[in-house]
Amino acid sequence: MKNLRTQHTLHIQLHGSEPAIWRRIEVDGSMTLERFHEVLQGALGWTNSHLHLYMDRNPFIRGQIAAGEQPTTWLMASSIDDGLEGEDETGSTLTQALARSGGTLWYEYDLGDSWMHLITEESSRPLDPEAPEARVLDGALRVPLEDCGGLGGWYEMLKLSRVPSANPDRSYIVDWFRAHFGYFTPVDPEAFDAAAANLRVRLLLGGIPQDTATGKWLSTLPVHARMVLAEFLHTLGIDVFARPATAEMPEEAPRAMASILWWINACEGTGLPLTAAGYLSPSVLPEVIAGIGWQHEDFVQFGGKTEVHLHGIHDFRLMLMDVGLLKAQGKKLVATPAALRVAADPAKLWTHLAKRARNSARDKVSYDATMLALLAAAGEGDADGKAIEARTNEGMRLLEYVHHDGRTIEDTDFNRLGDRYLAITKAFRMAVLENGNRGRAPGLERAFALAVLRS
């Protein structure tokens with residue numbers, strides 16, 4: 001059967017922009033105008049938070065309608081329900097609309113600021129069945145920030161943002177503009193990234209796969225936050241559509257995991273004795289402390305004699321049980337079969353830890369804060385704890401969290417990275433830093449955060 005579907009190459013330009021803000025895309029013409037709107041939002045980088053419509057005539061030129069012709073406006077179903085006159089955009093395909101308009105459409109987004117776009121058909125051909133439904137080929141510049149008052153307001157913001165001392169009467173514009181320069185939402189008016197644009201298009205058209213840590217998490221988020229954070233992951237080199245990847249292991253990882261490996265080896269076979277209450281027997285504590293190399297930890301200096309008082313040792317053991325490397329068997333602490341499989345291969349042990357480092361998603365607040373902190377640690381491995389904390393809370397605001405009384409989330413409200421992750425990275429630091437847990441190993445921790453996010 002002959003392929004009757006058409007693939008269009010379109011040029012989209014934000015009307016009045018100078019220099020031009022534009023995109024070139026390829027798109028399956030059989031999609032409805034409603035679905036094409038999603039393509040435009042992703043390709044251009046708008047937030048899909050306002051009304052829109054299509055027109056088949058230039059709205060800036062009067063008297064262009066010949067006798068007997070009837071101009072067409074395609075509207076959202078909700079706009080028709082509100083009394084606006086026009087055709088329902090769900091009833092026309094892109095190919096049909098281009099045929100009726102002679103290859104040129106006007107697309108208006110946000111009927112207040114009125115972002116008007118000229119869509120011009122450059123070419124068409126029978127649809128390539130192997131081609132994606134839509135893809136961005138090229139473009140230039142980012143679109144303006146929304147709700148800024150149209151192009152005039154945008155250019156005024158750009159002008160004022162470049163002036164060291166702006167007019168005090170207009171300082172609120174500068175503050176509003178700069179407020180968008182967040183860690184996860186940087187604003188670069190000169191930026192255009194075709195790969196990021198295609199990522200947005202894919203997310204809007206088809207959702208996100210959930211077979212990776214990031215995919216599962218992003219699928220639980222509000223649409224705007226999902227788009228922002230998926231694009232941020234793109235800047236980290238993480239493709240949210242990729243299959244789970246083998247965790248990349250830095251050169252110092254085997255040394256960092258030495259204390260974990262000691263536990264596995266010590267618990268192989270007969271294991272380590274436990275008390276009736278399930279704690280490590282006091283008789284083996286000196287052996288454990290020496291074996292994992294934690295003689296420099298503060299609790300040793302303070303003379304702790306039982307695991308109850310040695311919180312670091314206790315947390316370390318519980319973490320290894322949580323991630324499936326150790327288990328209690330009767331009155332013994334023994335290595336699991338999984339631990340024995342990975343013990344001889346540092347890369348496999350690293351991958352196992354990365355896959356199991358996240359705490360349960362059942363506690364949604366902690367889960368979101370942990371994933372955001374992982375993003376902050378992965379993106380800025382040399383950042384100190386306060387910076388990561390502030391970025392985590394910025395992310396919580398992006399996810400629309402507020403206090404129960406409506407107060408805004410502050411930069412110090414959430415500092416959770418998850419018990420497992422904290423215990424693992426503490427073990428790493430204790431192994432590679434001379435001052436133990438009083439410091440950071442930024443390169444190592446960044447690599448591990450990336451491994452967790454890719455798992």
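A salt bridge is taken here as a side-chain nitrogen of Lys or Arg within 4 Å of a carboxyl oxygen of Asp or Glu. In the predicted model, E307 and R317 form such a pair, with their closest N and O atoms 2.7 Å apart. E307 has a relative accessible area of 1% and is buried. R317, at 4% relative accessibility, also counts as buried.

The structure contains 13 salt bridges. One of them joins R24 to E122, again with 2.7 Å between the closest N and O atoms. Because R24 is located in strand β2 (residues 22-28) and E122 in strand β7 (residues 115-126), this pair ties together parts that are 98 residues apart in sequence. R24 is partly exposed, its relative accessible area being 24%. For E122 the corresponding value is 40%, and this residue is likewise partly exposed. A network of salt bridges links E26, R125 and R135.

A further salt bridge is found between the side chains of R429 and E445, at an N to O distance of 3.4 Å. R429 lies in helix α18 (residues 419-432) and E445 in helix α19; the pair, 16 residues apart, connects distant parts of the chain. R429 counts as buried at 11% relative accessibility. E445 is buried as well, with a relative accessible area of 6%.

Helix α19 (residues 442-454) also packs against helix α15 (residues 346-356), the two axes coming within 8 Å and crossing at roughly 70°. Angles of 65 to 115 degrees count as roughly perpendicular, so α15 is assigned a roughly perpendicular orientation relative to α19. The crossing of α15 past α19 is right-handed. On the α15 side, the contact is made by W350, L353 and A354, which meet L444, A447, F448, A451 and V452 of α19. By class, this contact comprises eight nonpolar residues, with no polar and no charged residues.

Methods:
Residues are numbered from 1 along each chain as its sequence is written. This is a predicted model: local features need pLDDT of at least 70, side-chain atom pairs count only at pLDDT 80 or more; totals for chains, interfaces and linings use all residues. Side-chain values use heavy atoms; hydrogens and water are left out. Axes are lines fitted to C-alpha atoms, for helices over the stretch in contact, and angles run from 0 to 180 degrees between N-to-C directions. Helices (H or I, at least four residues) and strands (E, at least two) are DSSP runs, numbered from the N terminus. Angles under 35 degrees count as roughly parallel, over 145 as roughly antiparallel, 65 to 115 as roughly perpendicular and the rest as oblique. A crossing is left-handed if the near helix is turned anticlockwise from the far one by less than a right angle, and right-handed if clockwise. Contact means heavy atoms within 4.5 Å. Ala, Val, Leu, Ile, Met, Phe, Trp, Tyr, Cys and Pro count as nonpolar, Asp, Glu, Lys and Arg as charged, and the others, Gly among them, as polar. Buried means under 20% relative accessible area, exposed over 50%, partly exposed in between (1.4 Å probe, protein chains only).
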